Amino acid sequence: YYQTFQAQPDALKNKVILVTGAGDGIGREAALSYAAHGATVILLGRTPAKLEAVYDEIEQAGGAQPAIIPLDMKGATEANYRDMAATIMDQFGRLDGLLHNASMLGILSPFQHIDLATWEDIMKINVTAQFMMTKALLPALLAAEKSSVIFTSSGVGRKGRAHWGPYAVSKFATEGMAQVLADEYENSNMRVNVINPGATRTSMRSRAYPGEDAMKLKTPAEIMPVYLYLMSDESSHLTGESLDAQNR
Ligand code: NDP
């Protein structure tokens, strides 16, 4: 039912929500959508111009003033995440929501041809960066009255598929990290869940499937119900789940 969930206009009022990869694709849409439902969003991504465009769009729509954190997760260190967490604590005193959305696809190729550098970049951006960021932000997430952490998986994070190499492995790790955290914090104010977006019309999807007709795919806007459901208090009973944004 969450695939058709309709959020109240003020469902995220007074919530401070960080979205990674907020400059493009699904993350951009989630940031706009969270802001439209009353949240103050913190836009994290690696291309400042894209984040600024989302910032402007939110302001023009009358949303709460966002914050921007330009950060390339490929090079970021624990110290960067600690500084980021300190800034968020200074400014807001808590974090109500964290959407781990940014990730790297890499190149689809036979296992034999995966080069180590690509493998390591994908693990860094898709897994280690999420570990470092979540660890640094735990005090802020536990300071909120109710907080929601959402990880982003994929069909290949539940069943491996030929040629999806390190991306698929990283998504299995993502599912695992979410389960570990959900279990560890089961009796806290923080819940941890996973979304599998399903095939969605973004530049990552067209890199993975260059030949397909993108117009047949759902748009990021069409998969927002589950993103709003998991971020709002409507799902406050739910933790340790992995949900599909699309029914297909
Ligand atoms: P896009 O490639 O369209 O957007 C990804 C966003 O993440 C971009 O804004 C990108 O920044 C940012 N990003 C990438 N690398 C880094 C980095 N090193 N540091 C900071 N930010 C970074 O992807 P989608 O919107 O399609 O995907 C969003 C999530 O959904 C991903 O986790 C993906 O794996 C998952 N997913 C998507 C599916 C689909 O069909 N689209 C299907 C299944 C899962 P920049 O704009 O600067 O490149």
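This is a predicted model: local features need pLDDT of at least 70, side-chain atom pairs count only at pLDDT 80 or more; totals for chains, interfaces and linings use all residues.
User: Where does UniProt place the feature "domain: Ketoreductase"?

Analyst: The UniProt record, an unreviewed entry, puts that feature at residues 15-180. In this model the span 15-180 is 51% helix and 14% strand, and its end C-alpha atoms lie 25 Å apart.

User: How should I read the packing of two helices?

Analyst: Two packed helices are described by the angle between their axes and by the distance between those axes. Take helix 4, residues 116-143, and helix 5, residues 165-184: their axes are 9 Å apart and the packing angle is about 15°. Angles under 35 degrees count as roughly parallel, and helix 4 and helix 5 are therefore roughly parallel to each other. Their crossing is right-handed.

User: Which residues of helix 4 and helix 5 make the contact?

Analyst: Helix 4 contributes Thr118, Trp119, Ile122, Met123, Asn126, Val127, Gln130, Phe131 and Thr134, while helix 5 contributes Pro166, Tyr167, Ser170, Ala173, Thr174, Met177 and Leu181. By class, the contact of helix 4 with helix 5 has ten nonpolar residues, six polar and no charged.

User: At what angle do the axes of helix 1 and helix 2 cross?

Analyst: The axes of helix 1 and helix 2, the latter at residues 48-60, cross at roughly 25° and come within 10 Å. That angle makes helix 1 roughly parallel to helix 2. The crossing of helix 1 past helix 2 is right-handed. On the helix 1 side, Arg28, Ala31, Leu32 and Ala35 meet Val54, Glu57 and Ile58 of helix 2. The classes in this contact of helix 1 with helix 2 are five nonpolar, no polar and two charged.

User: Is helix 1 roughly parallel or oblique to helix 7?

Analyst: Begin with the angle: the axes of helix 1 and helix 7, residues 224-231, cross at roughly 55° and come within 10 Å. Helix 1 is therefore oblique to helix 7. Helix 1 passes helix 7 with a right-handed crossing. The residues that meet are Glu29, Ala30, Ser33 and Tyr34 from helix 1 and Met224, Tyr227, Leu228 and Met231 from helix 7. Six residues of this contact of helix 1 with helix 7 are nonpolar, one is polar and one is charged.

User: Now the ligand. Which residues around the ligand come nearest?

Analyst: Gly21, Gly25, Thr47, Ser103 and Thr202 come nearest, out of 27 residues around the ligand.

User: How many residues of each class does the shell have?

Analyst: The shell around the ligand divides into 13 polar, eight nonpolar and six charged residues.

Note on methods:
Residues are numbered from 1 along each chain as its sequence is written. A residue is near a molecule or strand if its C-beta atom, placed from the backbone, lies within 6 Å of it. Ala, Val, Leu, Ile, Met, Phe, Trp, Tyr, Cys and Pro count as nonpolar, Asp, Glu, Lys and Arg as charged, and the others, Gly among them, as polar. Axes are lines fitted to C-alpha atoms, for helices over the stretch in contact, and angles run from 0 to 180 degrees between N-to-C directions. Helices (H or I, at least four residues) and strands (E, at least two) are DSSP runs, numbered from the N terminus. Angles under 35 degrees count as roughly parallel, over 145 as roughly antiparallel, 65 to 115 as roughly perpendicular and the rest as oblique. A crossing is left-handed if the near helix is turned anticlockwise from the far one by less than a right angle, and right-handed if clockwise. Two residues are in contact if their C-beta atoms, placed from the backbone, lie within 7 Å. UniProt positions are given in the numbering used here, feature names are shortened, and annotations may be inferred rather than shown by experiment.
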